[in-house]
Amino acid sequence: MVITEIFKSIQGESTRAGLPCIFVRLTGCNLRCVWCDTAYAFHGGTKMTVEQVVARVEEHSEGKVRLVEITGGEPLLQEEVFPLAEKLLAAGYTVLVETSGERAIGRLPREVIKIVDVKCPDSGEADTFRIENLEALADGDEVKFVIASRRDYEFARAFTARHGLDQRVCQVLFSPVFEDPEGKWPGLNPRDLAEWILADGLPVRLGLQLHKFIWDPVMRGV
């Protein structure tokens, strides 16, 4: 498999935000979201076996950190992601897989906590969500919307209600786009998103990218 980076940091997103976590970032993505902050993972990377990846995770863990996130890019583009998830689970890790929602998630072990994006209109990749993924979601999984505008918010609100997402998964996450430090795209003020959620009384969680408040937003490996 091809790996962009493996590192230990604080989990910045999801319901496990704030916890120490080891990240395994796979190389390659078939989508091009306007606000993507990991475009460096589209190409390059280092070829590693599943066993080598697990060994690197063990080095970072030092027997203490038991949370691992497999991310990208789009991790489900690589066939080896499935045995990797199985081996990490067998080694006693809690395994998160963050995916765009465009790839089928049904082959992942049920024990994997799937964090599945639904792309909003302003991402430039609307209508890429694979609707059958809804049936593959388990109680412990999470669905995330990255929101850049009021239009995105209304899309996410409608999608959540139409599919009863709050009854299907552990948590529905609404995350505001973080402004690009180089000015490539604007951000959404988290206060605006919070006020919209409160006004509508939505059963969703506001998600902020904690790592971007702790470290420089463009820093890698954190």
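Contact here means heavy atoms within 4.5 Å. The model is a predicted one.

## Helix H2

Five residues of H2 are buried: Val 81, Phe 82, Leu 84, Ala 85 and Leu 88. Seen down the helix axis, the buried residues of H2 fall within an arc of 160°, so they line one face. An α-helix has 3.6 residues a turn, so residues three or four places apart point the same way.

After H2 comes Gly 92, with a positive phi near 95°.

## Nonpolar cores

The largest nonpolar core has 48 residues, and Phe 145 and Phe 174 touch the most other members. Helix H2 (residues 81–90) gives the most to this core, with five residues. A second, separate core has nine residues, among them Leu 31, Cys 33, Trp 35 and Cys 36.

Beyond its neighbours within four places in sequence, Phe 145 is in contact with residues including Val 118, Cys 120, Phe 155, Phe 159, Leu 165, Val 172 and Phe 174. In soluble globular proteins, nonpolar side chains tend to be buried together.

## Surface patch

A nonpolar patch on the surface is formed by Leu 206, Leu 208, Leu 210, Phe 213 and Ile 214, which together have about 420 Å² of accessible area. Helix H7 (residues 210–214) gives the most to the patch, with three residues.

Leu 206 lies in strand S9 (residues 205–206).

Notes:
Residues numbered from 1 in each chain as written. Predicted model: local features only at pLDDT ≥ 70, side-chain atom pairs only at ≥ 80, totals over all residues. Heavy atoms only, no water. Patch = residues over 30% accessible without salt bridge, like charges linked within 9 Å, V, L, I, M, F, W, Y side chains within 5 Å. Areas by Shrake-Rupley, 256 points an atom, 1.4 Å probe, with all protein chains shown as cover. Salt bridge = Lys/Arg side-chain N within 4 Å of Asp/Glu carboxyl O. Helix = DSSP H or I, 4+ residues; strand = E, 2+ residues; numbered from the N terminus. Core = buried A, V, L, I, M, F, W, Y, C linked by side-chain atoms within 4.5 Å. Buried < 20%, exposed > 50% of the residue type's maximum accessible area, 1.4 Å probe, protein only. Arc of directions from axis to C-beta.
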